[in-house]
Amino acid sequence: MKSEYRQRREQVMSKIGQGTAIFHSAPTAVMHNDVEYVYRQDSDFYYLTGFNEAQAVAVLAPHHEEHQFILFVQPKDKEKEVWNGYRCGVDAAKEIYGADAAYPIAELDEKLPQYLEKADRIYYHIGRDGNFNEKIIKHYQRLLRTYPKRGIGPTGIEDTSTVLHSLRLHKSKTELDLMRQAADIAVEAHNHALNITAPGRYEYEIQAEIEHIFRLRGGMGPAYPSIVAAGRNACVLHYIENNCQMQENELLLIDAGCAYGYYNSDITRTFPVGGKFTGEQKALYEIVLAAQKQAIEEVKPGNAFDAPHKKAVRILTEGLVELGLLKGEIDKLIEEEKYKPFYMHRTSHWLGLDVHDVGIYQHGENPQILQPGQVLTIEPGLYIVPDTEPAEDQPAIDPRWVGIGIRIEDDVLVTATGNEVLTAGVAKEIEDVER
């Protein structure tokens with residue numbers, strides 16, 4: 001991985017030319033009072049360094065004569081390390097992480113100007129740390145004031161996302177190996193959940209079993225708060241309470257992914273708690289499954305990013321009309337978005353270091369074109385939300401449909417010839433999810 005981090009930095013430096021890029025580590029997050037969450041590094045910072053400590057700054061200065069990659073880190077401190085864990089320290093930052101120069105973080109203000117004064121532009125993402133934002137802006141303003149006398153120095157600030165996120169969008173072999181591992185662990189967990197679900201058990205029991213497998217297989221834990229939603233709870237897209245008892249004729253929607261080596265999987269499956277679909281559940285499930293399969297077929301090089309969504313919307317709308325939940329001409333219903341009370345989210349998002357990974361979805365009016373090495377989710381659904389008021393020109397919702405929520409989601413890699421479903425090992429055919 002050390003050589004891969006170096007290659008990534010070199011790619012960024014080739015893009016910024018005479019500029020200097022600054023990356024700030026993620027802050028620590030407090031769970032309650034003085035108890036912190038397990039630390040998770042900022043994804044951009046980690047992508048370029050592999051460094052997983054707080055209070056650090058990485059600087060890329062390709063124009064500097066001696067130092068192109070500089071790290072500012074917390075120094076070794078035996079007393080603090082006893083309480084909070086070992087630190088890499090300044091000396092090891094060069095040896096382990098390949099920095100050309102490393103300094104204590106307390107020396108940032110003193111040392112940073114030498115890497116900025118000959119840059120023509122500063123690349124920095126204005127993040128949530130207002131104090132650090134102000135620090136960088138002050139350095140920029142000081143150099144800008146002296147520009148007339150020197151005729152050199154940064155004359156603008158540009159967001160690092162403009163040069164970095166297009167790189168993160170295309171996964172390397174190393175990244176794909178980690179994503180496959182994250183997917184394989186989550187596949188095992190979802191299949192286990194299908195086998196142990198039964199009426200009378202609680203949602204949190206299933207969550208515990210899933211997340212047990214995540215950790216048991218070497219994962220970092222859940223990629224995001226696991227959704228284990230029975231019955232009407234499945235109509236809440238981000239339901240995470242997971243505290244209800246499951247009943248015989250309900251469906252269980254599980255949206256859970258594993259984080260492995262900082263990379264994530266993201267899978268959703270929906271199946272009958274008691275082992276058999278009711279007629280209404282089966283009818284809706286068949287529509288969602290057909291929409292998902294046909295949307296996956298749209299994942300191939302040269303297709304627009306929104307092609308899977310458009311396909312899914314058409315199949316879902318046709319199915320809703322067939323069941324009498326919508327009425328009208330299909331194209332008009334789609335144009336007027338009459339399907340949205342039943343399908344209110346998009347079909348895809350990028351996946352990688354972040355669950356909703358970075359990368360542009362469209363350039364103005366033009367959607368991003370799918371290319372090999374990109375990974376995206378395909379996750380259509382239908383939700384007959386209680387108390388939904390139909391549009392004036394649409395039929396009333398028959399109570400027999402109300403409270404059914406279904407989503408099916410897989411992680412899909414764009415390949416040179418089409419696609420690879422990384423999470424294909426999770427059951428989703430009706431004959432496989434019924435018991």
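Tutor: Keep in mind that this is a predicted model. Start with Asp44. Its salt-bridge partner is Arg168, and the closest N and O atoms sit 2.5 Å apart. Look at where the two residues lie. Asp44 belongs to helix H2 (residues 43-49), while Arg168 belongs to helix H8 (residues 161-168), so the bridge ties together parts that are 124 residues apart in sequence. Both Asp44 and Arg168 are buried. The pair also belongs to a network. Salt bridges with shared partners join Asp44, Arg168, Lys171, Asp354 and Asp357.

Now turn to Arg8. Arg8 forms a salt bridge with Glu4, with 2.9 Å between the closest N and O atoms. Here both partners sit in helix H1 (residues 2-16). They are four residues apart, so about one helical turn separates Arg8 from Glu4. How accessible is Arg8, buried or exposed? Arg8 has a relative accessible area of 3%, so Arg8 is buried. Glu4 is buried too, with a relative accessible area of 12%.

Arg8 also forms a salt bridge with Glu175, where the closest N and O atoms are 4.0 Å apart. Glu175 counts as buried, at 3% relative accessibility.

Finally, step back to the whole structure. A search of it finds 26 salt bridges. Those described here are among them.

Conventions: Residues numbered from 1 in each chain as written. Predicted model: local features only at pLDDT ≥ 70, side-chain atom pairs only at ≥ 80, totals over all residues. Heavy atoms only, no water. Salt bridge = Lys/Arg side-chain N within 4 Å of Asp/Glu carboxyl O. Helix = DSSP H or I, 4+ residues; strand = E, 2+ residues; numbered from the N terminus. Buried < 20%, exposed > 50% of the residue type's maximum accessible area, 1.4 Å probe, protein only.
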